[in-house]
Amino acid sequence: MISALQHYLFCPRQCALIHLEQLWSENYLTASGKLNHERIDSGIKESRKNVRKVSAVRLFSRTLGITGIADVVEFYLQSEQSDSFENTVILNGVQGRWKPFPVEYKHGTVKSTAIDEVQLCAQAICLEEMMNVKIESGALFYHKTKSRVIVEFNPALRDLTAEITEKIHTLFRSGITPEPVVSDSCKACSMRDLCQPEITSNGKNASQWLKKYVGEMIQ
Ligand code: SF4
């Protein structure tokens, strides 16, 4: 799933807990994100003269080995005078040639890492493969600040996206959930109760824990 990229960049253990061990737990951040996505995920289509918007677009990339759903893909009509219709698509039942532009909605604010950019770039790579076009840019919309940030899909971002994807495939092939590393991420992590980072980090394992706590009780 494309969402695994975000989870991996947040914390590789969280990614493994969710996608490998199939665990899930909500906190206020995931719940508020869910609410913000309700309208977007309902599959609404909107159209204005030069822009068509399609939400909840199913995606896949055989190259990256990923699948997912784009919040919104906007399509911009190219003028008849346009020099080139390169990287445009034909839409069913609509005249003209259209440029796809993915938009991802986020409930928070702009982050200090490339976590959101990587997710959007993965969506763009899927769309490129599915529609046989090149997509130069997309946008992230942050609900909290009501701001739209344009993201250029430059070679560095594309390389990072491919690198993270490969790391996730390697993680899933190994079938081993990484040990926790206690960090600031833990404070905002919805999986904290399931992860128990304080108990299992720093080389402590379940048998040590059982020996210490259960062993003392049966002595
Ligand atoms: S609690 Fe911390 S170590 Fe555990 S999954 Fe969350 S971020 Fe990772």
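This is a predicted model: local features need pLDDT of at least 70, side-chain atom pairs count only at pLDDT 80 or more; totals for chains, interfaces and linings use all residues.
The chain as a whole has eight helices and six strands, and from the N terminus on its elements run α-α-α-β-β-β-β-α-β-β-α-α-α-α. Of its 219 residues, 25% count as buried.

The pairing of the strands can be followed from strand S2 (residues 51–61), which is joined to S3 in the antiparallel sense over 10 bridges. Within this pair, Val 51 stands opposite Tyr 76 in S3. The hairpin of S2 and S3 has four residues between the strands, and in it Gly 65 takes a positive phi near 70 degrees. S2 also holds Ala 56, for which a positive phi of about 50 degrees is found although the residue is not a glycine. Ala 56 has 16 C-beta neighbours inside 10 Å and therefore counts as partly exposed.

On its way to the next strand, the pairing passes through strand S3 (residues 66–77), which runs antiparallel to S4 and is joined to it by six bridges. Two facing positions illustrate this pairing: Glu 74 stands opposite Phe 101 in S4, and Tyr 76, the residue that Val 51 faces in S3, stands opposite Lys 99 in S4. Strand S4 (residues 98–106) is largely enclosed by the rest of the structure, because seven of its nine residues are buried.

S4 is also paired with strand S5 (residues 137–142), here in the parallel sense and over four bridges, and Lys 106 stands opposite Tyr 142 in S5. The connecting helix, H4, has 17 residues and reaches 25 Å from its first C-alpha to its last, a span close to the 24 Å expected at 1.5 Å a residue. The buried residues of H4 are Glu 117, Val 118, Gln 119, Leu 120, Cys 121, Ala 122, Gln 123, Ala 124, Ile 125, Cys 126 and Leu 127. Just after the helix, Asn 132 takes a positive phi of about 55 degrees.

The shell around the ligand contains 13 residues, of which Cys 11, Pro 180, Cys 186, Cys 189 and Cys 195 come nearest. By residue class, the shell divides into nine nonpolar, two polar and two charged residues. Helix H2 (12–20) and helix H6 (192–195) each supply at least two residues of this shell, and the largest share, three residues, comes from H2. Because domain 1 (3–178) and domain 2 (179–219) both give residues to the shell, the ligand lies between them.

Glu 26 and Cys 189 are 163 residues apart in sequence, but their C-alpha atoms are 9.2 Å apart in space. Glu 26 itself is placed in the loop between H2, the helix with the largest share of the ligand shell, and helix H3 (28–40). With 11 other C-beta atoms within 10 Å, Glu 26 is exposed.

Key:
Residues are numbered from 1 along each chain as its sequence is written. A residue is buried if 20 or more other C-beta atoms lie within 10 Å of its own, exposed if 12 or fewer, and partly exposed in between; C-beta atoms are placed from the backbone. Two strands pair if DSSP finds at least two bridges between them. A residue is near a molecule or strand if its C-beta atom, placed from the backbone, lies within 6 Å of it. Ala, Val, Leu, Ile, Met, Phe, Trp, Tyr, Cys and Pro count as nonpolar, Asp, Glu, Lys and Arg as charged, and the others, Gly among them, as polar. Domain bounds come from an automatic or database domain assignment. The expected span of a helix is 1.5 Å times one less than its number of residues.
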